[in-house]
Amino acid sequence: MTFAATVLTLYPEMFPGPLGVSLAGRAREEGKWTLDTVQIRDFAIDRHRTVDDTPAGGGAGMVLRVDVLSAAIDHALASHPEAPVIAMTPRGKPLTQERVRALAEGPGVTILCGRFEGFDERIFAGRAVEEVSIGDIVLSGGEPAALMLLDACIRLLPGVMGAPSSGSEESFENGLLEYPHYTRPVEWEGRTIPEVLRSGDHAKIAAWRKHQAEIDTRSRRPDLWERHVDARAQPASGAQ
Ligand code: ADE
């Protein structure tokens with residue numbers, strides 16, 4: 001199955017951008033995913049091709065018009081009715097690896113990129129539009145966030161990543177950050193690769209990696225660590 005990405009934006013020239021090279025670029029050439037961009041401005045209804053207007057109630061910035069965006073979404077849905085629609089916004093639910101994995105297993109995704117102050121809220125009423133944030137930072141538009149979301153999905157598509165195991169051991173897949181890595185030279189500026197990694201004892205190496213992952217998660221991401229500890233204390237329902 002080909003993963004169909006559709007991006008609604010005022011700046012289609014930002015795509016594929018970084019997704020045109022390396023892993024994602026090759027995967028696209030191989031037909032593992034497709035990219036359609038939709039210029040939101042093409043759905044403007046006035047002579048001046050206006051896409052935004054001042055916020056109701058006053059305030060700074062401009063807001064994307066619901067009538068224009070709605071027409072653009074209808075157009076995208078006509079080609080990909082089965083793909084979930086995601087609006088990139090700092091007001092959205094934080095993106096997780098779990099959500100990315102679910103998206104990558106589906107038919108694709110249709111992404112709305114906001115600019116200015118954001119979307120007219122009515123775009124979310126009566127439509128299954130999921131609001132997603134890529135973190136507690138404010139970007140000048142949703143495009144870089146859309147590129148991040150797509151990158152995270154594409155690398156998980158079947159046949160895109162070289163070694164299948166690199167997907168299941170990495171950060172967040174088991175609720176922890178990934179363990180630290182080393183490669184040659186064995187000694188560099190007086191610092192050596194931990195002895196255990198050179199021991200050839202696979203059980204010891206696995207135990208060391210697990211321990212390091214726990215230490216790092218605990219100190220760097222207490223929020224993840226707390227969730228991990230809670231999950232260990234309460235095994236999934238149904239487990240005996
Ligand atoms: N647009 C602006 N900031 C954003 C963020 N943090 N996440 C998703 N889309 C955005």
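Two strands count as paired if DSSP finds at least two bridges between them. I kept that in mind while going through this predicted model.

**Entry 1, strands 5 and 6.** I looked up how strand 5 meets strand 6 (residues 108-113) and found four bridges, with the two strands running parallel. I noted valine 85 opposite threonine 110 in strand 6. For methionine 88, I found cysteine 113 of strand 6 as the bridge partner.

**Entry 2, strands 1 and 6.** I then turned to strand 1, which pairs with strand 6 over five bridges, in the parallel sense. Here threonine 6 has threonine 110 of strand 6 as its bridge partner.

I traced the strand order as 2-1-6-5-7: five strands in an open sheet with parallel pairing. Strand 2 (33-39) and strand 7 (129-133) are the edges; each has a single partner strand, so one side of each has no neighbour in the sheet. I read an average twist of 35° from one strand to the next.

Is strand 6 enclosed or open to the outside? I found six of its six residues buried, so strand 6 is largely enclosed by the rest of the structure. I also checked the directions of the side chains. In a regular strand, they alternate between the two faces of the sheet. In strand 6, Gly108, Thr110 and Leu112 point one way, while Val109, Ile111 and Cys113 point the other way. Residues of both sets are buried.

I looked up what helix 4 (residues 143-154) lies across, and listed strand 1 (3-9), strand 2, strand 5, strand 6 and strand 7. Relative to strand 6, helix 4 runs at about 165°.

Which residues are around the ligand? I listed Met88, Thr89, Pro90, Gly114, Ser133, Ile134, Gly135, Ile137, Val138, Leu139, Gly142 and Ala145. The largest share of this shell, three residues, comes from strand 5 (residues 85-94). Sorted by class, I have seven nonpolar and five polar residues in the shell, and no charged ones. I noted that Met88 of this shell is also the methionine bridged to cysteine 113 in strand 6.

Last, I looked up the domain assignment of the protein chain, which gives domain 1 (3-154) and domain 2 (168-233). I noted a distance of 35 Å between the C-alpha centres of domain 1 and domain 2.

Conventions: Residues numbered from 1 in each chain as written. Predicted model: local features only at pLDDT ≥ 70, side-chain atom pairs only at ≥ 80, totals over all residues. Near = placed C-beta within 6 Å. Nonpolar A, V, L, I, M, F, W, Y, C, P; charged D, E, K, R; others polar. Axes fitted to C-alpha atoms, helices over the stretch in contact; angles between N-to-C directions. Contact = placed C-beta atoms within 7 Å. Domains from an automatic or database assignment. Buried ≥ 20, exposed ≤ 12 C-beta atoms within 10 Å, placed from the backbone.
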